[in-house]
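Visitor: Hi, could you walk me through this structure?
Guide: Happy to, let's have it on screen.

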Amino acid sequence: MHDKITHSLLLTVDARKITHALLLTVEARTITHSLLLTVDTRTITHALLLTVEARTITHSLLLTVDTRTITHARLLTLDARTITHTLLLTVEARKTSHFDA
Amino acid sequence: MLTVDARKITHSLLLTVDARAITHSLLLTVDARTITHSRLLTIEARTITHSLLLTIEARTITHSRLLTVDARKITHSLLLNVDARTITHSLLLTVDARKIAHSLLLIVEARTITHSLLLTVNAHKITHCC
């Protein structure tokens with residue numbers, strides 16, 4: 001387990017198609033001022049992009065997704081004690097369907 | 001799209017979605033003890049159909065704005081489902097749409113609700129809603 005993640009961008013993904021994928025898992029005590037994952041793609045299907053387990057998350061944007069179509073996907077799962085001043089997920093898409101959260 | 005399991009959520013915006021069409025989707029589920037000074041979900045979309053946008057299970061929700069929806073057409077959807085002990089100083093749901101049909105906008109189960117505005121709707125046409 002990482003102790004602290006600060007001012008970090010862990011992963012950027014630029015792809016046409018993402019299917020049956022888990023791109024990034026993060027376990028940390030504290031995440032501050034970080035953007036963990038950015039995804040730029042056409043299609044996302046049957047994917048869980050990011051899982052985060054942390055005690056405290058502050059001043060962070062965990063995941064941004066820019067895509068055309070998202071189907072049968074769960075983009076982010078988060079287990080945390082305290083979340084403050086944080087935007088967890090931004091999604092820009094044409095069509096989103098069949099999400100199970 | 002997003003599931004959050006947390007003790008405390010403060011001064012946070014969990015999810016923003018900008019999409020043309022949202023169908024058969026559950027965008028955000030939150031399980032938390034305390035939610036304060038937060039804006040959980042904002043959505044800008046043309047069409048929302050057969051979707052449950054936000055479900056929340058919490059002890060206390062204070063000074064928060066849970067869901068804002070800006071859409072052209074909303075059909076066959078349940079926008080917000082809230083199960084909480086106490087809700088204070090909060091605005092649960094604001095909807096700005098042209099047409100809303102065959103939808104249930106808000107379900108709230110709570111012990112205490114004080115100083116709160118549960119629902120505001122601005123629409124041209126509303127049919128078959130409860």
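**A buried serine and its surroundings**

Guide: Ser103(B) is buried, because 22 other C-beta atoms lie within 10 Å. Buried here means 20 or more other C-beta atoms within 10 Å of the residue's own, exposed means 12 or fewer, and partly exposed is in between, with C-beta atoms placed from the backbone.

Visitor: What kind of model is this, and how are things numbered?
Guide: This is a predicted model, in which local features need pLDDT of at least 70, side-chain atom pairs count only at pLDDT 80 or more, and totals for chains, interfaces and linings use all residues. Residues are numbered from 1 along each chain as its sequence is written, while chains are lettered from A and ligands numbered from 1 in the order in which they are written.

Visitor: And which scores does the model get?
Guide: The model has ipTM 0.84 and pTM 0.89. For chain B the average pLDDT (the predictor's confidence in each residue, from 0 to 100) is 93, and 99% of the residues score at least 70.

Visitor: Back to Ser103(B): where does Ser103(B) lie?
Guide: Ser103(B) is in the loop between β8 (91-101) and β9 (104-114) of chain B. Strands are DSSP runs of E with at least two residues, helices are runs of H or I with at least four residues, and both are numbered from the N terminus.

Visitor: What does Ser103(B) touch?
Guide: Leaving out residues up to four places away in sequence, Ser103(B) touches Ile74(B), Thr75(B), His76(B), Ser77(B) and Cys129(B). Contact means C-beta atoms, placed from the backbone, within 7 Å. Leu78(B) is 25 residues from Ser103(B) in sequence, and their C-alpha atoms are 5.9 Å apart.

Visitor: How many helices and strands does chain B have?
Guide: Chain B has 0 helices and 10 strands. Among its contacts between residues at least 6 apart in sequence, 79% join residues at least 24 apart.

Visitor: What about its dimensions?
Guide: The C-alpha atoms of chain B fill a box of roughly 35 × 25 × 20 Å along the principal axes. Its radius of gyration is 14 Å, which agrees with the value near 14 Å for a compact globule of 130 residues. That radius is taken over C-alpha atoms, and the globule rule is 2.2 Å times the number of residues to the power 0.38. Of the 130 residues, 38% count as buried.

Visitor: In which sense do β10 of chain A and β1(B) pair, parallel or antiparallel?
Guide: Strand β10 (residues 74-84) of chain A and β1(B) pair in the parallel sense over 8 bridges. Pairing requires at least two DSSP bridges between the strands. Leu78(A) stands opposite Val4(B) in β1(B).

Visitor: Which residues touch the most other members of the largest nonpolar core?
Guide: Leu63(A), Leu75(A), Leu2(B) and Leu67(B), in a core of 71 residues. Strand β3 (residues 26-36) of chain B gives the most to this core, with 6 residues. Such a core is a set of buried Ala, Val, Leu, Ile, Met, Phe, Trp, Tyr and Cys residues joined through C-beta atoms within 7 Å.

Terms used
Contact = placed C-beta atoms within 7 Å.
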